[in-house]
Amino acid sequence: INGIWYWCTDQVMVQRVLAAKSASSGQSGCVMAGWLKITPMFLMVLPGLIAAALYPAQIEQNSDLAFALLVARLLPGGWKGPMVAVML
């Protein structure tokens, strides 16, 4: 979120703020955009943290297997196939 490019020079963000009906509306739009920018980080980091908490020995040996461990051990049978397709 601290990126100067995203907040100060990105034309879409500047137009959002300048086209807002009021200053508080423009600020609210920036806050909403910030939350949307942070969301993917949770989607990428959280599975690794969960895998490290549930399977510390396996993650210590090879941390690249974190998401695969979660899919193989936690998902029911009908969901494993679509998740493997998504991973590929």
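Student: Why does Leu-54 count as partly exposed?
Tutor: Leu-54 has 45% relative accessibility, so it falls in the partly exposed class (buried is under 20% relative accessible area, exposed over 50%, partly exposed in between, with a 1.4 Å probe and protein chains only). This is a predicted model, in which local features need pLDDT of at least 70 and side-chain atom pairs count only at pLDDT 80 or more, while totals for chains, interfaces and linings use all residues. Residues are numbered from 1 along each chain as its sequence is written, and side-chain values use heavy atoms, with hydrogens and water left out.

Student: Where does Leu-54 lie, and what is it in contact with beyond its neighbours within four places in sequence?
Tutor: Leu-54 lies in helix α3 (a DSSP run of H or I, at least four residues, numbered from the N terminus), and beyond those neighbours it is in contact with Leu-70 and Leu-74 (heavy atoms within 4.5 Å).

Student: And how far apart are Leu-54 and Leu-69 in space?
Tutor: Their C-alpha atoms are 9.7 Å apart, although 15 residues separate Leu-54 and Leu-69 in sequence.

Student: Which residues of α5 are buried, and what do they pack against?
Tutor: In helix α5, which covers residues 66-74, Ala-66, Leu-69, Leu-70 and Val-71 are buried, and the buried residues of α5 pack against α3, α4 (56-61) and α6 (77-87).

Student: Switching to α2, which of its residues meet α3?
Tutor: Met-13, Arg-16 and Val-17 of α2 meet Gly-26, Cys-30 and Ala-33 of α3.

Student: Back on α3, why is Met-41 counted as partly exposed?
Tutor: Met-41, which also lies in helix α3, counts as partly exposed because its relative accessibility is 49%.

Conventions. Helices (H or I, at least four residues) and strands (E, at least two) are DSSP runs, numbered from the N terminus.
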